[in-house]
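Dear colleague,

Please find the structure below, handed over for your use. My findings follow it.

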Amino acid sequence: MSYIVPVIFLLIIIFALRKKIPIYSTFCDGVQWGMKTVIGIFPVLLAITTAVAMMRASGLMDIIIRLISPITDIFHIPSPVLPLALIRPISGGGALGILSDILKEYNPDSLIGIIASVIMGSTETTFYTLMVYFKNTRVKYTKHIIPAAVFGDIVGIIAGVAASTIFF
Amino acid sequence: MNYIFAFMIILSLITSFFTGTVNETVQAGLDGAKNSIEIILSFAGIMCMWCGFLKLAEEGGAINALSKLISPIINLLFPKLKHNNKAKEYITANISANLLGVGNAATPAGIAAMQELDKINKTPDHASDEMSIFTVINTSSIQLIPTTIIALRSAFGSLNPECIIPPVWICSITALFCALFMMKIILFFKRKNNKKIHITRGG
């Protein structure tokens, strides 16, 4: 497992060497683009981290977790992870904010931390994607796509819990 | 999102009145804002490093190699597009960029692909089968390396931030297959219904 990342790095560099592109300056370009992405994420991250911290301190988070736990227990989803699952299809940055709150609260290598990370990795900002992709087309009716897309997210969440529990 | 954010703040404040934690809640909000800059700082370095390698993959031909690898799968998913090179090219570019997690490259290619599919759509008001399937692929996460999550995990001191890669692969593939299967079923029933309407109208 620990070879995945070095192998990917090696392949990328070998391909780039073969194509004789300026490797160093391209890498630096990429870093700059990464910095722009980070700056783009920051406002949403601050907003959600602040709001979630308030929810935790006021006790609202506990109330929500207690309210939804009967539903999550059916699928063996740890209830602290559910707020992440709920916000994920709507806002990627918001989900990142909640994920960082979970990682801070429960430690990234705990089962809950891993489940949250896997769920984040195997689902998408479904509704945002739907909106952006159909914006420039003539299509008016896309309703029939939503059930399939949301079904995919639900499978991703349940599979995320199952796989994390089996793997770790 | 506007309402969700407003509700999070308002409900937190209301709850804090009842639980008598007004001061703590306000303090937690301030700490949250303070923490967010620490999170972003500890996460920026790793994120930028991954973006450096991804850029190298994009310019250096690793993405092209990946495109060639996935081309047969595209033919299988979009049998009607075999002779429409432009649409296929955009779709392949979009999926390869998605696989590598280069979101900035994936979205423009995806929009271009949708516009190509829009041109050959025989029912302009309704999304065609190809458009539906392509969208479902994009609303499923098909990333080889979940860069952002790995960066965030190491920012919080994970001993093995990359350990989530194998389960993420399994789950993403399962989710994608289930979503595609569901889409196929929906499209099948939609076609059946349309036929019925045509028959009743015709006769």
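**Contact between the two chains**

Between chain A and chain B there are 18 residue pairs in polar contact, both residues being at pLDDT 80 or more; please note that the model is predicted. The elements of chain A that each give two or more residues to the side touching chain B are α1, α2, α3 (60–74), α5, α6, α7 (126–134) and α8 (145–167). The largest share of that side, 26 residues, comes from α2(A). By residue class, the side of chain A that touches chain B divides into 55 nonpolar, 23 polar and eight charged residues.

The contact takes 86 residues from chain A and 96 residues from chain B. About 7,900 Å² is buried between the two chains, and carbon and sulfur atoms give 79% of this area. Three salt bridges are counted between chain A and chain B. One of them joins Asp118(B) to Arg138(A), with the closest N and O atoms 3.3 Å apart.

**A helix of chain B**

Seven of the nine residues of α7(B) (residues 147–155) are buried, so this helix is largely enclosed by the rest of the structure. The buried residues include Ile149(B), Ile150(B), Leu152(B) and Arg153(B). Just after α7(B), Gly157(B) takes a positive phi of about 80°.

Lys20(A) lies in the loop between α1 (4–19) and α2 (23–58) and counts as exposed at 74% relative accessibility. Asn107(A) lies in the loop between α5 (92–106) and α6 (111–122) and is partly exposed, with a relative accessible area of 39%.

With kind regards

Technical notes
Residues are numbered from 1 along each chain as its sequence is written. Chains are lettered from A and ligands numbered from 1 in the order in which they are written. This is a predicted model: local features need pLDDT of at least 70, side-chain atom pairs count only at pLDDT 80 or more; totals for chains, interfaces and linings use all residues. Side-chain values use heavy atoms; hydrogens and water are left out. Buried means under 20% relative accessible area, exposed over 50%, partly exposed in between (1.4 Å probe, protein chains only). Helices (H or I, at least four residues) and strands (E, at least two) are DSSP runs, numbered from the N terminus. Contact means heavy atoms within 4.5 Å. Buried area is the accessible area (1.4 Å probe) that two parts lose on being put together, summed over both. A salt bridge is a side-chain nitrogen of Lys or Arg within 4 Å of a carboxyl oxygen of Asp or Glu. A polar contact is a pair of N or O atoms within 3.5 Å; within protein, one must be able to donate a hydrogen and the other to accept it, and residues adjacent in sequence count only if both atoms are side-chain atoms. Ala, Val, Leu, Ile, Met, Phe, Trp, Tyr, Cys and Pro count as nonpolar, Asp, Glu, Lys and Arg as charged, and the others, Gly among them, as polar.
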